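Have the sequence and the 3D view open as you read.

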Amino acid sequence: MNSEHEQTAGKPATVSGGGSGRFGGRLMPEVPTGERKIEHVRLCLDEEVGSVGVTTGFERYRFRHAALPEIDFGEIKLDTTFLDFSVRTPFLISSMTGGSKATGEINMRLAEAAERRGWALGVGSVRAAVEKEELASTFRVRESAPSVPVIANLGAVQLNYGFGLDDCQRAVDIAGADMLVLHLNGLQEVFQPEGNTRFGRLLGRIEDLCRTLSIPVGIKEVGWGIDGETARSLLDVGAAFIDVAGAGGTSWSQVEKFRSPDPVRRAAAEAFAGWGNPTADCIAEVREAAPDCALIGSGGLQSGVDAAKALALGADLAGFGRGLLGSAVDSVEALDQRLAQVELELRTAMFGIGAGNIEALKSTRRLIRA
């Protein structure tokens, strides 16, 4: 799992076994492997890595119920657009994983599900495949998801460690991506044993890439959130979209705490379990700072009701990461059921406020502070 940020309620789904589709049942190895990509997934599934003392902020909002919605439930539409791309739902499977056989199979399972249900798709950091050709197959999702928008992913800080336009284009080509997102994960890099922490003078390098790469380049956090001021500075240098990836889900300082052999870093990581900007606050701030920007709301989303709140606060897409991971690892059926549940929850929330389509949801006046 690559620098992602969602928190799932409890342990992974219990559905397992044979399954159908390209892969059968549970995908993860039964014993620890020492591979960073696999261990990230394992820790996110098996350890308490959620934020402590900070929430997504969605609990501070509620919808005013409309007893007479004046719409037919069966006619509610979920299709929307993001940048110039049409999608059947306003959902994104957020960047999570790749870089090993097991995690590559998770990517393929996620890609097939995204294609079936019309979700946009992000992959984990493609850096490993850019550096090692033999890992490229673990990120090649386009064949499994031919019609949905695909977002490749790299760490922004790699621009300060020698990555240039050609490397970024290679990442895009490997994933068959329509867009590239650069993730900002400074605190994770501090606590990661292999961390890269040279974030100085990075904005100019981001601008150079945004101005020269032939596809849209967006910026995301990994679970500590992008505020309005930071978003505005990124948009001003050419970022095509912002994914706030706010706090309240997975804390990557907590994840790296479990991996670190350094007792000082392990102890220090605990102080940051409650760090970050709540997702709901980030969405509202960025939308206020940049009324016309393409905006993804992610970070700890658990349900279609959370997604409805994110969209009503100003997001264009709602991103789910760790909340899908357990189902994705367990079986094709479990993942499909999880996505169907989120879609049903969103439709029901829209029905409950009389919003017949995504534009009506985004402009609703029925979202109020709780």
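How many cavities of 30 Å³ or more are there? By the rule used here, the count comes to one. On a 1 Å grid over the protein atoms alone, a cavity is a set of points where a 1.4 Å probe fits but cannot get out, while a pocket is an open set with protein on both sides within 12 Å along at least five of seven lines; lining residues have an atom within 4 Å of a point. Grid points are joined across faces, edges and corners, and a volume is the space filled by probe spheres set on the points.

Before going further: this is a predicted model, where local features need pLDDT of at least 70 and side-chain atom pairs count only at pLDDT 80 or more, but totals for chains, interfaces and linings use all residues. Residues are numbered from 1 along each chain as its sequence is written, and side-chain values use heavy atoms, leaving out hydrogens and water.

Here are the two spaces side by side. Ala, Val, Leu, Ile, Met, Phe, Trp, Tyr, Cys and Pro count as nonpolar, Asp, Glu, Lys and Arg as charged, and the others, Gly among them, as polar.

| Space | Volume | Lining by class |
|---|---|---|
| Largest cavity | about 40 Å³ | five nonpolar, two polar, two charged |
| Second largest pocket | about 260 Å³ | seven nonpolar, four polar, two charged |

Among the residues lining the largest cavity are Leu-92, Lys-220 and Asp-243. Of the 13 residues lining the second largest pocket, Leu-184, Phe-199, Thr-230, Ser-233 and Leu-234 lie nearest its centre. Helices α6 (202-212) and α7 (228-236) each supply at least two residues of that pocket's lining.

Leu-92 turns up again in the sheet, with Ala-120 in β5 as its bridge partner. Helices (H or I, at least four residues) and strands (E, at least two) are DSSP runs, numbered from the N terminus. Eight strands close into a parallel barrel, in the order β4-β5-β6-β7-β8-β9-β10-β11; strands pair if DSSP finds at least two bridges between them.

Now for a helix pair: α1 (residues 36-46) and α2 (residues 101-117) have axes that come within 8 Å and cross at roughly 60°. Axes are lines fitted to C-alpha atoms, for helices over the stretch in contact, and angles run from 0 to 180 degrees between N-to-C directions. Lys-37, Ile-38 and Val-41 of α1 meet Ala-102, Thr-103 and Ile-106 of α2, with contact meaning heavy atoms within 4.5 Å.

How far to trust it? Mean pLDDT (the predictor's confidence in each residue, from 0 to 100) is 91 for the protein. Over residues 2-24, though, the pLDDT is below 50.
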